[in-house]
Amino acid sequence: MANLMAKTKGGGDWVQNFVMSLDKDKCIACGRCYKACPSSVMTLDEEEDEDGDDRKFMKLVNDLNCLGCMACSKVCPKGCFEHKPMAA
Ligand code: SF4
Ligand code: SF4
């Protein structure tokens, strides 16, 4: 089965790799993905860790708006994201 594709400026095909998950346990809350994402897919959140300290992390909030550009993964220093193409 073919995957969903977008077009380049020159008319070529490229397979969109949509964000599937963000591993908050690996996240260091650097904010790089937030700045890179063109579609406001993630936001910063925080929780209390086992020592009672606040711990910030990024989470997906609008993943249905994902364009499949993979900019988030390219800038993430911790490999937090998983992506997958979608069947057309
Ligand atoms: S793949 Fe692109 S649009 Fe989707 S979450 Fe990552 S940066 Fe945003
Ligand atoms: S780029 Fe990676 S480590 Fe940085 S906030 Fe985003 S998910 Fe977390």
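## Reading contacts, strands and ligand shells

Q: Which residues is His83 in contact with, leaving aside its neighbours within four places in sequence?

A: His83 is in contact with Asn17, Phe18, Val19, Met20, Met70, Cys72 and Ser73, when neighbours within four places in sequence are left aside. The model is predicted, and every value discussed here is to be read accordingly. As for its place in the fold, His83 belongs to strand 6.

Q: Which backbone oxygen does the side chain of His83 reach, and which side chain does His83 join by a polar contact?

A: The side chain of His83 reaches the backbone oxygen of Asn17 at 3.0 Å. A second polar contact, of 2.7 Å, links the side chains of His83 and Ser73. Asn17 and Ser73 are also among the residues in contact with His83.

Q: Is Glu82, which also lies in strand 6, buried or exposed?

A: Exposure is read from the relative accessible area, with exposed meaning over 50%. Glu82 has 52% relative accessibility and therefore counts as exposed. Its strand, strand 6, covers residues 81–84.

Q: How many residues separate Glu82 and Met20 in sequence, and what is the distance between their C-alpha atoms?

A: Glu82 and Met20 stand 62 residues apart in sequence, yet 5.4 Å apart in space, C-alpha to C-alpha. Beyond its neighbours within four places in sequence, Glu82 is in contact with Phe18, Val19, Met20 and Ser21. With Ser21, Glu82 also makes a polar contact between side chains, at 3.1 Å.

Q: In what sense do strand 4 and strand 5 pair, and over how many bridges?

A: Strand 4 (residues 42–48) and strand 5 (residues 54–60) pair in the antiparallel sense, over seven bridges. Glu48 stands opposite Asp54 of strand 5. The two strands form a hairpin, with five residues between them. Within the turn, Gly52 has a positive phi of about 85°.

Q: How many salt bridges does a search of the whole structure find?

A: The search finds five salt bridges in the whole structure. One further pair is formed by the side chains of Lys7 and Asp13, with a distance of 2.6 Å from N to O. Lys7 counts as exposed, at 57% relative accessibility.

Q: Where is Gln16 found, and is Gln16 buried or exposed?

A: A polar residue deserves a check of its surroundings as well as of its accessibility. Gln16 is found in the loop between strand 2 (13–15) and strand 3 (18–22). Its relative accessible area is 13%, and Gln16 is therefore buried. A polar atom of the Gln16 side chain lies 3.2 Å from the backbone oxygen of Leu67. Among the residues that Gln16 touches beyond four places in sequence are Leu4, Met5, Gly68, Lys84 and Met86.

Q: What are the phi values of Ala29 and Ser40?

A: Most residues other than glycine have a negative phi, and most peptide bonds are trans. Ala29 has a positive phi, near 60°. The residue sits in the loop between strand 3 and helix 1 (32–36), and Ala29 is partly exposed, with a relative accessible area of 24%. Ser40 likewise has a positive phi, near 50°. Ser40 is placed in the loop between helix 1 and strand 4, and is exposed, with a relative accessible area of 53%.

Q: Which residues come nearest to ligand 1, and which are closest to ligand 2?

A: Of the 13 residues around ligand 1, Cys37, Cys66, Cys69, Met70 and Cys72 come nearest. That shell divides into eleven nonpolar, two polar and no charged residues. Ligand 2 is surrounded by 13 residues, the closest being Cys27, Cys30, Gly31, Cys33 and Cys76. By class, the shell around ligand 2 has eleven nonpolar residues, one polar and one charged.

Definitions and conventions: Residues numbered from 1 in each chain as written. Chains lettered and ligands numbered in written order. Predicted model: local features only at pLDDT ≥ 70, side-chain atom pairs only at ≥ 80, totals over all residues. Heavy atoms only, no water. Pairing = 2+ DSSP bridges. Helix = DSSP H or I, 4+ residues; strand = E, 2+ residues; numbered from the N terminus. Buried < 20%, exposed > 50% of the residue type's maximum accessible area, 1.4 Å probe, protein only. Contact = heavy atoms within 4.5 Å. Polar contact = N/O pair within 3.5 Å; in protein donor to acceptor, adjacent residues only side chain to side chain. Near = heavy atom within 4 Å. Nonpolar A, V, L, I, M, F, W, Y, C, P; charged D, E, K, R; others polar. Salt bridge = Lys/Arg side-chain N within 4 Å of Asp/Glu carboxyl O.
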